[in-house]
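Please look through the sequence and the model below before reading on. The briefing that follows takes up charged pairs, nonpolar cores, strand pairing and a surface patch.

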Amino acid sequence: MRQHPRPLIGITTSDRKSRIAWWFDWFAVWRHGGRPLRLSPARPRPTGLDGLIIGGGDDIEAHHYGGEIQLDVRVDPERDQLEMALLERFIPAGTPVLGICRGAQLINVHQGGTLDPDIYTTNEGLKRRRTVLPRKTVDIVGDSRLYRILRVTWCRINSLHHQAVQETGQGIEIVARDRDGLVQAIESREHDFLIGVQWHPEWLIFNRPQQRLIRALVKAADRARDTSP
């Protein structure tokens with residue numbers, strides 16, 4: 001009897017990503033039944049995907065959201081171009097998409113939204129937090145899709161970002177904020193599964209709510225594949 005194949009989940013990265021960081025991406029998808037495929041500017045692009053994760057990484061070039069160019073940040077123009085093209089292709093097709101950290105920001109920008117270019121200069125007195133450990137608390141909107149997936153009204157998360165969603169793009173809703181009021185998660189009203197989180201669930205391998213998020217993406221990809229013509 002032929003085994004049902006795992007849904008193919010594309011995961012975008014930079015060409016510079018470390019093996020350890022990629023292992024966490026790979027494991028997060030594999031453990032929940034997906035087949036992870038690394039996508040980066042130097043790698044071949046897929047002809048088809050069942051699901052897509054826009055991963056974390058460098059800042060998005062400011063011209064994509066009408067921001068001011070900053071000379072002291074690292075950007076990856078080729079990756080911006082790759083991910084914008086992937087979203088342009090797979091969002092209209094109904095492919096489930098999860099944005100992680102930079103990925104959440106890029107989803108918002110793709111939909112016409114803007115970013116806060118540096119939360120530490122625009123929010124006076126904001127405590128600097130940069131850790132892969134769950135040291136920050138976020139509150140989740142109760143009637144959101146994210147709430148139905150995580151099944152919690154608040155959770156502890158890690159924090160590795162200095163930019164954040166500012167004005168939301170078309171169809172995008174804010175569904176989580178941290179205790180400083182900064183946007184920590186978004187989702188689309190117009191798509192079955194288009195979610196972005198500012199944190200890194202792939203690093204929280206023992207955190208059940210965060211693993212539910214990865215599992216939900218894989219399951220949504222599996223359902224979408226089975227119902228596609």
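Is arginine 79 buried or exposed, and what is its relative accessible area? Arginine 79 is buried, with a relative accessible area of 1%, in what is a predicted model.

**Salt bridges**

- The count of salt bridges in the model comes to nine.
- Glutamate 83 and arginine 79 form one of these, with 2.7 Å between the closest N and O atoms; because the two residues are four residues apart in helix H2 (residues 77-90), about one helical turn separates them.
- Through salt bridges that share partners, Arg79 and Glu83 are joined with Asp80 and Arg102 into one network.
- Lysine 17 forms a salt bridge with aspartate 25, where the closest N and O atoms are 2.4 Å apart, and both lysine 17 and aspartate 25 are buried.
- A further salt bridge, between arginine 179 and aspartate 139, has its closest N and O atoms 2.7 Å apart.
- That pair links distant parts of the chain, since arginine 179 sits in the loop between strand E9 (172-178) and strand E10 (183-188), while aspartate 139 belongs to strand E6 (residues 131-140), 40 residues apart.
- Arginine 179 counts as exposed because its relative accessibility is 56%, over the 50% cut-off, whereas aspartate 139, with a relative accessible area of 33%, is partly exposed.

**Nonpolar cores**

- The largest nonpolar core has 31 residues, and those with the most contacts inside it are Ile53, Leu98, Leu146, Leu150, Phe193 and Trp199.
- Helix H6 (residues 208-227) supplies the largest share of this core, namely seven residues.
- When neighbours within four places in sequence are left aside, isoleucine 53 is in contact with Ile9, Gly10, Ile11, Thr12, Val29, Leu98, Ile100 and Leu217.
- Another core, of 24 residues, lies apart from the largest one, and among its members are Ile54, Leu86, Leu106 and Val183.

**Surface patch**

- Trp23, Trp26 and Trp30 form a nonpolar patch on the surface, and together they have about 300 Å² of accessible area.
- Tryptophan 26, one of the residues in the patch, is found in helix H1 (residues 19-30).

Conventions. Residues are numbered from 1 along each chain as its sequence is written. This is a predicted model: local features need pLDDT of at least 70, side-chain atom pairs count only at pLDDT 80 or more; totals for chains, interfaces and linings use all residues. Side-chain values use heavy atoms; hydrogens and water are left out. A salt bridge is a side-chain nitrogen of Lys or Arg within 4 Å of a carboxyl oxygen of Asp or Glu. Buried means under 20% relative accessible area, exposed over 50%, partly exposed in between (1.4 Å probe, protein chains only). A nonpolar core is a set of buried Ala, Val, Leu, Ile, Met, Phe, Trp, Tyr and Cys residues joined through side-chain atoms within 4.5 Å. Contact means heavy atoms within 4.5 Å. Patches are made of residues with over 30% relative accessible area and no salt bridge: like charges are joined within 9 Å, nonpolar side chains (Val, Leu, Ile, Met, Phe, Trp, Tyr) within 5 Å. Accessible areas come from the Shrake-Rupley method with a 1.4 Å probe; for residues, only the protein chains shown count as cover.
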